[in-house]
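Trainee: I would like to go through some terms used for this protein and see what each one rests on.
Mentor: Then look at the model, and we will take the terms one by one.

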Amino acid sequence: MAAPETHAEAQARYRTGDLLGAKALFESALADDPGHWASRHDLGFLLRQLGERAGAFHHIRASIALAPEQPIGWTTAGLLIGDAGSFQTARRSIDRARLIAPAEPTALIAQADLVDDDECPTFAAQLSARLRQPDLPDRLRARLLHALGRVLDRLDDTPQAFAAVSAAHAIRRRSQPYDPAGDTEFFASIQAACGTRWWDRPGYAGRSDVQPIFIVGMPRSGTTMLEQMLSRHPDVTAGGETLILQSLLFSELPRRLNQPFPECLASATPSDYAWVAARYAERMQDRLSGATLFTDKLPANFLLAGPILKIFPDARILNLVRNPLDTCVSCYLTDFALGHNYATDLADLGHHFRLYRSLMAYWHGFGDPRLLDIDYEGLVAQPEATLTSALSQCGLSWDPACLDFDRASNPVNTASWQRIRTPLDAARTGRWRRFDRHLGRLIGSLTSSSQEHGDHARRALVWEPDLKEEALAVLEASAGLRGRDETARQLARLLPLLAADPRSLLRAASSAERYAEWALARTFLRAAARMAPGVAAVHTNLAVAHGRLGETAAATDALRRALSLTPNAPEAASNLGNFLAPRDLPRAATSHRRATMMAPYDPGLYVNLGMTLMRNAGTAPGTERALHRAIALDPASQSAGLSLYHLEAVAEHPEGAVLRLDRLRCAHPTVGEVHYERGCALRDANRDNEATESLRRAIVLAPQFTAWRHVLDSLTGHASRAAPIDYVRELFDQYAERFDHHLTEGLRYRTPVALSDVVGRADPLRRRFGRVLDLGCGTGLMGAALRDRFTLDHLTGIDVSGAMLAKLVEKGGYDATVEADIETFLERPDSGYDLIVAADVLVYFGSLERLITGAGRALAPGGILAISVEEGTGAAPFELKRHGRYAHRRDYIEALADACGLSMSLSETAELRDEGRQPVVGLLMVLEHFPITHGHIRQQQSS
């Protein structure tokens, strides 16, 4: 492989955090081409991170000799010089880089830590100007924002400094997300592998050639300062940060034992520990020119404290313990080169800190005195006393030179590279207070003993009340206690707080959608669209809210806006097809086909296309092709399987439908809808016991579908008060496209004409009605029959099915339509109707008391209520039939009518429609409203 290709692969390894693998590849590239300046530079940069200072200088100088016109070489040379504390010399090298390329980002970033205080305002302006330029990759933009944050902090502009760092972290989180659950699992796996039985087994007890002092803790907890102090002791050599131990335990020991880390620790023997100890001693002595008493300062080695004690009998572990807020805030403000993904979010920082603290408590639980906590605040306030204790733990006597740590000559390439060169002062503690107004999420995470996000959020809001996401989280966590209506009210109150944050507005809209508060969701999404008009996802979600509210035109407009912003958005194109389908099938199918062309391997898009084509009987071959394509892409797709079942089962015998659904059940045993459809097919095949069992299983798997309970009740004889509104709405929404044809041609539906006739016969002289209300108007068949016989001044239709009303509006003939529950609508303070009709509507209600009482109130004096019902013959006032419709006794209706001031003008039996090629016989009733006078009341009483 040529040097450029090997170099590219090495860079990729580096970005994943595989530093040793990247080092080997950089060296391989140079073996192929010693003059490849980029490999020279990048190897030198990497060696600086690994603490191999001599090699780093060698390769950086070589890269400058090969390509002196490249600013990056001069910048890295400046960083290496700065590691040793020669800041003015470092500044001159970085200035040279900026002379070559004034706007080069890495030179600007490096110079941010070297400018004098009086230069900070000008330098902050330069950083801001570079950030306004659009040619920056995300990685460099994030680093420049960090640099700007550090400069603004020096200018005491704390809010803007914090904002710049937070913007940097927002960029990094997109490519380097933190996985709290994965981190928790990793820490738990270490404890599981290193249990009490593991600790009780012997470790390595032989003589070691080295006496390492491991300095561990959270990053930014003072580990560098402690190492510099110890290194001033004449008997101690500073080892710096090295990956030698982690390489041995994370990579080499697992290969030796053929087990991953940390499981390999559980099966390691004393000879394995000796093998690790020998290799560690050899490599560290090579690195430190034969030193035997040295520090190994890698904070993350706290993960390995237990194994260290088993492997190195002469080792000591010093764990730096610093105020959690100071530690975490310092981590948040630090521009880490690699890893530390938890540090990009304050709540995640708190989570990781709690994991660290818990693991250290676990290691202390073994009671080994070689593990010692060093208090950072004590080290700052009383350095001699604290250091004396630490030195004694390491078998060393006190030396006053340890207090002159700022004079140590050891190179430092951590985030402390400048601060470590200054004496101790009070400013090293309590720095978190500068940012205290922004730390609610950190404090909530640190102080909560619960893993529930709601508890973290509540604690965070106590400290920082204006936190948007936490306010939403608390509301969502307590929604079950508040109830739906109160949750909706609380959500609405959050709008002013969230108004300037599109992301929080989207989340609030999602919360509103969960409670079917679509109007509130629309409000949040409209606000998000005002704040972020160029974000296609906002308009796509707004379209869904409009659609749920029956605002089809607004929904299609929002989706067209989304597609204008992102023309290749398959979800928006597919949703547009869904909204167009009820009134423009050709354009809907075109939109769905467009979606499948944008994402040809998305099975859901083919399902949507197939379901749209299914509305048109003439497109059955295209429907079948689309659904088969969806199944080919995802054989486990239950939506495609069920849709194909519905397509092919229309003319199929019930037993054949059951066999088809049995195959689907084998593929999707935990999908409630499959068991529901199977139960319906078994019912149609007159296999009621099996149908009941299948329906019960469906309800267990998906208890949220109340409609399924109604179908089960129709088989078990349990007559509920009424069919669930969701059941009726879904039934007729699916039925809308073919409703008229199926009823008039397939079922020979006679009710509208017959009911219109009995109204005419009840009052032969009546030719005109003023205000007319059609309950359950559907697609308007009843209204058309009335207009054929009477003059209607104003006709209002009400229905729970938005799809049926859409067809009605398309056909015309009604002056107004309302999508609402009938019983609720009749309780409005709206009266004065001359005629109220309910054709084949009462079959979806068991108890009619509320409905007839409401109709009685809504009628004008002398007004007429005309209804059709299926006649019940049992002893109960009403009964639920097998196919989910109710039948009512005649005397039950008569008694209700009389109690509501309605008198029976006409009642007769009639054939309403056909079912199973047999006529369904029911009752047609005309009830007239008469005013209840005092005389009438007295007459009832006297009788």
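**Terms and their cut-offs**

Mentor: Start with threonine 623, which is found in helix H35 (residues 620–633); helices are DSSP runs of H or I with at least four residues, strands are runs of E with at least two, and both are numbered from the N terminus. The model is predicted, so local features need pLDDT of at least 70 and side-chain atom pairs pLDDT 80 or more, while totals for chains, interfaces and linings use all residues. Residues are numbered from 1 along each chain as its sequence is written, and side-chain values use heavy atoms, without hydrogens and water.

Trainee: Why is threonine 623 called buried?

Mentor: Buried means under 20% relative accessible area, exposed means over 50%, and partly exposed lies in between, with a 1.4 Å probe and protein chains only. Threonine 623 has 0%, so it is buried.

Trainee: What makes arginine 256 and aspartate 272 a salt bridge?

Mentor: A salt bridge needs a side-chain nitrogen of Lys or Arg within 4 Å of a carboxyl oxygen of Asp or Glu. Here the N to O distance is 2.8 Å, and the pair meets the rule. Arginine 256 lies in helix H14 (residues 244–257) and aspartate 272 in helix H16 (residues 270–287), so the pair ties together parts 16 residues apart in sequence.

Trainee: Are these two residues buried or exposed, or in between?

Mentor: Aspartate 272, at 6%, counts as buried, whereas arginine 256, at 38%, counts as partly exposed.

Trainee: Why is aspartate 156 called exposed?

Mentor: Its relative accessible area is 56%, so aspartate 156 is exposed. Arginine 434, at 33%, is partly exposed.

Trainee: What makes S2 and S4 edge strands?

Mentor: The open sheet has 4 strands in the order S2-S1-S3-S4, with parallel pairing; two strands pair if DSSP finds at least two bridges between them. Strand S2 (293–297) and strand S4 (371–375) each have a single partner strand, so one side of each is left without a neighbour in the sheet.

Trainee: How do you know that S1 and S3 are paired?

Mentor: Strand S1 (residues 211–217) and strand S3 (residues 316–321) are joined by 5 bridges and run parallel.
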